[in-house]
Amino acid sequence: MTSHKSVDVNVDAMIEDLRTLVEVESPSRDTDALTASAATVAAVIERRLGGKAVLVESLAGPHVHWSGGGAPRVLILGHHDTVFPLGTLERRPFRVEDGRATGPGVFDMLGGLVQAVHGLAALDDLSGVEILVTADEEVGSGSSRTLIEERALACGAVLVFEGAADGGGLKTGRKGCGTFRVSVTGRASHAGLEPEAGVNALVEAAHQVLDIAALARPEIGTTVTPTVASAGTLDNVVPAGATVVVDVRVESAEEKDRIEAAFAALTPHLDGARIAVEGAVGRPPMPESASAELFALARELSPGVEGVAVGGGSDGNFTAALGVPTLDGLGAVGGGAHADHEYVLVDAMAERARLVAGLVTAVRKR
């Protein structure tokens with residue numbers, strides 16, 4: 001099962017396509033930019049694989065869907081939106097130097113898309129293969145989740161091309177993740193003349209932050225991290241409003257339920273204060289059991305490859321939660337996701353593309 005080593009892929013052509021994708025900026029929520037990006041992704045897929053890539057319009061921007069025909073057997077899953085605002089490319093243009101490709105979105109996750117397409121291009125038969133490249137993964141996949149789940153269930157196996165773990169490892173498990181927003185309403189008054197007439201939303205928010213942080217259970221993988229807070233209007237006014245934003249990560253469905261219930265049950269400490277909570281653990285956990293079968297195939301193809309569970313979420317969380325076998329981290333080897341030092345190791349691109357070809361072949365033989 002090691003014939004994938006002989007699969008012919010062209011690194012120069014991969015670099016050319018990576019440059020093409022990086023140089024069309026695609027910040028999440030910018031539908032004009034994402035429309036241009038989707039068209040570029042579709043053009044790359046069609047040029048390398050033939051057929052027709054369909055743009056699926058959504059409120060978040062177009063998703064790109066391509067099928068090799070025949071009964072669906074395996075879904076190649078990725079996204080073309082990035083976290084970088086328009087203008088980042090001018091400051092940090094695409095470059096290849098010292099064995100590294102750099103530029104906005106190169107690791108998360110345009111490099112993975114390119115490797116997937118070129119790995120598939122090396123196969124004589126693409127029947128049963130589908131590609132779905134969404135426009136809103138970085139902002140929660142609100143407009144793409146239904147489509148992702150539909151195609152995952154139809155295909156029965158999902159290969160996710162997010163960047164690899166450190167050292168090139170595959171991602172065999174992911175935490176569920178979500179964001180909560182706690183809004184506190186108090187009552188304004190003059191901070192000097194009659195502070196007792198007010199209800200201090202900032203003080204209430206401070207109580208809530210401590211209550212919320214205490215929900216964490218790091219020993220079982222549950223992190224609850226207040227990340228953004230705001231309160232008040234002027235330095236001589238008792239604040240009438242405050243907000244706290246909280247990042248949550250969990251490893252089990254039971255912890256998802258516990259955390260959501262705990263946020264719903266938050267109660268004020270100060271008389272007259274009111275609390276409203278928005279949010280949920282929007283991405284369910286991806287248990288390692290979901291990746292076991294596909295990871296075993298990957299280990300046969302690349303015996304040295306490691307599998308790791310990670311804290312970040314991806315669209316693979318959705319497919320794994322449906323019980324569909326899902327393997328993540330198949331994308332670029334590099335690092336610096338969401339940061340200015342983001343990079344891809346060029347020397348690893350050919351081997352990762354060959355792994356795609358081998359995995360798709362193996363999955364279709366199951």
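**Exercise 1. Find how many cavities of 30 Å³ or more a search of the whole structure gives, then describe the largest one.**

Step 1: Count. The whole-structure search turns up two cavities of 30 Å³ or more. Here a cavity is a set of points, on a 1 Å grid over the protein atoms alone, where a 1.4 Å probe fits but cannot get out. A volume is the space filled by probe spheres set on the points, with grid points joined across faces, edges and corners.

A word on the model: it is predicted, so local features need pLDDT of at least 70 and side-chain atom pairs count only at pLDDT 80 or more, while totals for chains, interfaces and linings use all residues. Residues are numbered from 1 along each chain as its sequence is written, and side-chain values use heavy atoms, with hydrogens and water left out.

Step 2: Size it up. The largest cavity has a volume of about 80 Å³.

Step 3: Helices (H or I, at least four residues) and strands (E, at least two) are DSSP runs, numbered from the N terminus.

Step 4: Sort the residues. This lining has 13 nonpolar residues, one polar and no charged. Ala, Val, Leu, Ile, Met, Phe, Trp, Tyr, Cys and Pro count as nonpolar, Asp, Glu, Lys and Arg as charged, and the others, Gly among them, as polar.

**Exercise 2. Describe the largest pocket and its lining.**

Step 1: A pocket is an open set with protein on both sides within 12 Å along at least five of seven lines. The largest pocket has a volume of about 670 Å³.

Step 2: It has 25 lining residues, and Glu137, Glu138, Cys177, Arg283 and Gly313 lie nearest its centre.

Step 3: Sorting the lining gives seven nonpolar, eight polar and 10 charged residues.

**Exercise 3. Work out how helices α8 and α10 pack.**

Step 1: Helix α8 (residues 292-301) meets helix α10 (residues 349-364) at about 125 degrees, and their axes are 10 Å apart. Axes are lines fitted to C-alpha atoms, for helices over the stretch in contact, and angles run from 0 to 180 degrees between N-to-C directions.

Step 2: That angle makes α8 oblique to α10; under 35 degrees counts as roughly parallel, over 145 as roughly antiparallel, 65 to 115 as roughly perpendicular and the rest as oblique.

Technical notes: On a 1 Å grid over the protein atoms alone, a cavity is a set of points where a 1.4 Å probe fits but cannot get out, and a pocket is an open set with protein on both sides within 12 Å along at least five of seven lines; lining residues have an atom within 4 Å of a point.
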